[in-house]
Amino acid sequence: MIAFVFSLFPVQNRVVFINFNGRGFGCNPKYIALEMLREQVAAELIWFVHNLNEPLPSGIKKVKWGSLLFYYELATAKVIVTNVKNALPFYKRENQYLVQTWHGSNAYKYVEKEVENQLSPQYIAGSKENSALTDLFISDSPTTSQWYRDSFWCKCEILESGMPRNDILQNGTVKDKERILSSFDLSVDDKVILYAPTFRDDGSMNCYNIKFSKVLSALSEKWPGKWYLLLRLHPNVHNSIKIEPEIADRIINAAEYGDAQELIFASDCLITDYSSICNDFMMMDKPVFLFTSDYEEYAHRGRGLKSNYDELPMPKNKTNQELVETIKKFDEKEYRKAIGKYKNKYFGIADGKASERVVQRIKKMLV
């Protein structure tokens, strides 16, 4: 009823941004918004948040998710930019445009239509509705575009622009790294490993049983210096994991940091499992270490893994000992050679100009 009432108001020259339904300033919408600010695009910029204390750049207005103002801004925005596929509480009109950026490419897990029978009917209905209303989908390659066509019920225009959120991986500066690390009381002289695993559909936590003390010791042996670990659990993982008391001061919870791409840019290496975050690290040729203690179970149950995961050119370490040995034996020259072949096959546009291309297209919508 609220959405219908506000749909009677005229559409205004504004752009609203949705990052995981009200999360902080991050992902593809962030970099599109920043580019619009840089270009001084003549439009009001609105960011939906759950937490009104969320810091945002000057020039972007915060609106609380689910508030009356939220419904009004959504109903009267000229352009809606989102990175998730769910039904939105508004009646889309002919002079409104929905831009879907999604939040990754070259995924290793089956998603959307690929596992339609395993996802809730409510999610599937919302995703289909979102696709039907979408005017523009952002892609980084012909492969990703075809994936959207095949698995996302996508029939709209697709812009092969690259992923805006990856622009920082090419354009980031030393000052950016200083700013990011200072958020954790770290400096550019400190060495940082990011641990960013994905979630398990059954809520299992045993898969995160890493001996971080041994990992940090192995890293210090391989690359001398004091290492810190940024812990970035998936938002779907609500439980904490065990941290050895003797290294608690070197483990930093980065779960609430708004922009994962900034963490990727500022970190020296990564531990993950089945998350496509490893693609972002490979873009920068940074070391990626996989910890996959539940590989057989994960690969063949639930949503499962695609064949491109098995092609990843790095060891799938199933035990802590294997992980430690892989770190100690890491050969940068061989690693770069191996991931180079993988990137040539699977990676798309990553030249630091994706945000510019997307904003150029959005400006045409605002005319």
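The model is predicted. The second largest pocket has a volume of about 320 Å³, while the largest cavity has a volume of about 110 Å³. A search of the whole structure gives zero disulfides.

**The second largest pocket**

- The lining of this pocket, with its volume of about 320 Å³, is made of 15 residues, of which Tyr31, Leu34, Asp167, Ile168 and Asn171 are the closest to the centre.
- At least two lining residues come from each of helix H2 (27-38), helix H6 (167-171), helix H7 (174-182) and helix H15 (354-366), and H2 gives the most, with five residues.
- By class, the lining of the second largest pocket divides into eight charged, four polar and three nonpolar residues.

**Cavities**

- The structure holds two cavities of 30 Å³ or more, and the largest cavity, at about 110 Å³, is lined by 16 residues, with Ser105, Asn106, Asp140, Asn279 and Met283 the closest to its centre.
- Helix H10 (residues 277-283) gives the most to the lining of the largest cavity, with three residues, and that lining has nine polar, four nonpolar and three charged residues.
- The second largest cavity has about 30 Å³ of space, and the residues that line it include Ser161, Asn166, Asp167, Gln170, Asp351 and Arg357.
- H6 and H15 each supply at least two residues of the lining of the second largest cavity, which divides by class into five polar, four nonpolar and three charged residues.
- Asp167 is among the residues closest to the centre of the second largest pocket, and Asp167 also lines the second largest cavity.

**Helix H5**

- In helix H5 (residues 142-151), the buried residues are Thr144, Ser145, Trp147, Tyr148 and Ser151, and because they fall within an arc of 155° when seen down the axis of H5, they line one face of the helix.
- On the other side of H5, Pro142 and Thr143 are exposed, whereas the cover over the buried residues of H5 includes strand S6 (136-139) and strand S7 (157-160).

**Cysteines**

- No disulfides are found in the whole structure; for Cys27, the closest cysteine sulfur is that of Cys278, and the separation of 16 Å is too far for a bond.
- Cys154 is likewise in no disulfide, with the nearest cysteine sulfur, that of Cys156, lying 3.8 Å away, and a disulfide is counted here for a pair of cysteine sulfur atoms within 2.5 Å.
- Cys27 counts as buried at 6% relative accessibility, and Cys154 is buried with a relative accessible area of 5%.

**Positive phi angles**

- Most residues other than glycine have a negative phi, which is the background for the residues that follow.
- Phe20, although not a glycine, has a positive phi of about 50°; Phe20 is found in the loop between strand S1 (12-18) and H2, where it is partly exposed with a relative accessible area of 26%.
- Gln40, which is not a glycine either, has a positive phi of about 55°; Gln40 is found in the loop between H2 and strand S2 (44-49) and counts as exposed at 69% relative accessibility.

Terms used. Residues numbered from 1 in each chain as written. Predicted model: local features only at pLDDT ≥ 70, side-chain atom pairs only at ≥ 80, totals over all residues. Heavy atoms only, no water. Buried < 20%, exposed > 50% of the residue type's maximum accessible area, 1.4 Å probe, protein only. 1 Å grid on protein atoms, 1.4 Å probe; cavity = no way out; pocket = protein on both sides within 12 Å on 5 of 7 lines; lining within 4 Å. Points joined across faces, edges and corners; volume = space filled by probe spheres on them. Helix = DSSP H or I, 4+ residues; strand = E, 2+ residues; numbered from the N terminus. Nonpolar A, V, L, I, M, F, W, Y, C, P; charged D, E, K, R; others polar. Arc of directions from axis to C-beta. Contact = heavy atoms within 4.5 Å.
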